[in-house]
Amino acid sequence: MLLIKCPWCGERPEIEFVAKGEAHVARPAEGASEAEIAEALYVRDNTRGLLAERWRHLHGCGRFFNAVRHTVTDRFVVTYRVGEPKPDLAALEQEIAR
């Protein structure tokens, strides 16, 4: 079973969590065109490797948090609270390679 570390509750089984998509997605500016709004809503990176995602500990504390997950191996590299800065993915990739 995959364990995911909630920043508030610690490690818990994956069945307690739900993925909510890519993290750190900027909202479109006020007055944006329909095409810009559609891109902001529907176009996401489909990264092979490390990706920052938003998760929710649905069957625990109920809070949202961000996680960096490797999309090929499904390994969670780091989790962090919403509002904290996005980790340097290139540096994390190098650290994993060691």
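**Terms and their grounds**

Guide: Tyr 42 counts as exposed, at 66% relative accessibility. The model is a predicted one, in which local features need pLDDT of at least 70 and side-chain atom pairs count only at pLDDT 80 or more, while totals for chains, interfaces and linings use all residues. Residues are numbered from 1 along each chain as its sequence is written, and side-chain values use heavy atoms, with hydrogens and water left out.

Visitor: Why is Tyr 42 called exposed?

Guide: Buried means under 20% relative accessible area, exposed means over 50%, and partly exposed lies in between (1.4 Å probe, protein chains only). Tyr 42 has 66% relative accessibility and therefore counts as exposed. Tyr 42 belongs to helix H1, residues 34-42; helices (H or I, at least four residues) and strands (E, at least two) are DSSP runs, numbered from the N terminus.

Visitor: What makes Ile 37, Leu 41, Tyr 42 and Val 43 a nonpolar patch?

Guide: Patches are made of residues with over 30% relative accessible area and no salt bridge; like charges are joined within 9 Å, and nonpolar side chains (Val, Leu, Ile, Met, Phe, Trp, Tyr) within 5 Å. Ile 37, Leu 41, Tyr 42 and Val 43 form such a patch on the surface, with about 430 Å² of accessible area together. Accessible areas come from the Shrake-Rupley method with a 1.4 Å probe, and for residues only the protein chains shown count as cover.

Visitor: Which residues make up the largest nonpolar core?

Guide: A nonpolar core is a set of buried Ala, Val, Leu, Ile, Met, Phe, Trp, Tyr and Cys residues joined through side-chain atoms within 4.5 Å. The largest one has seven residues: Ile 4, Cys 6, Phe 17, Trp 55, Phe 65, Ala 67 and Phe 76. Strand E1 (3-6) and strand E5 (64-70) are the elements that give two or more residues to this core. A second, separate core of six residues includes Ala 23, Leu 50, Ala 52 and Tyr 80.

Visitor: With which residues is Ala 67 in contact, leaving aside its neighbours within four places in sequence?

Guide: Contact means heavy atoms within 4.5 Å. With those neighbours left aside, the contacts of Ala 67 are Leu 51, Ala 52, Glu 53, Trp 55, Phe 76, Val 78, Thr 79 and Tyr 80. In the pairing of strands, Glu 53 stands opposite Ala 67 in E5.

Visitor: How do you know that E4 and E5 pair?

Guide: Two strands pair if DSSP finds at least two bridges between them. E4 and E5 have seven bridges, in the antiparallel sense, and E3 and E4 pair in the antiparallel sense over three bridges. Ala 19 stands opposite Trp 55 in E4. Four bridges join E1 to strand E2 (residues 10-13), again antiparallel. E1 and E2 form a hairpin with three residues between them, and the bridge partner of Cys 6 in E2 is Gly 10.

Visitor: Why is E4 described as largely enclosed by the rest of the structure?

Guide: Five of the seven residues of E4 are buried, so E4 is largely enclosed by the rest of the structure.

Visitor: What makes Arg 69 and Glu 53 a salt bridge?

Guide: A salt bridge is a side-chain nitrogen of Lys or Arg within 4 Å of a carboxyl oxygen of Asp or Glu. The closest N and O atoms of Arg 69 and Glu 53 are 2.8 Å apart, and the two residues form a salt bridge. The pair links distant parts of the chain, with Arg 69 in strand E5 and Glu 53 in strand E4 (residues 50-56), 16 residues apart. Arg 69 counts as buried, because its relative accessibility is 14%.

Visitor: Which residues are linked in a network of salt bridges?

Guide: Glu 53, Arg 69 and Asp 74 are linked in this way. Asp 74 forms a salt bridge with Arg 69, and their closest N and O atoms are 2.8 Å apart.

Visitor: Why does Asp 74 count as partly exposed?

Guide: Asp 74 has 34% relative accessibility, and therefore counts as partly exposed. Asp 74 is found in the loop between E5 and strand E6 (76-81). The phi of Asp 74 is near 65°, a positive value in a residue other than glycine.
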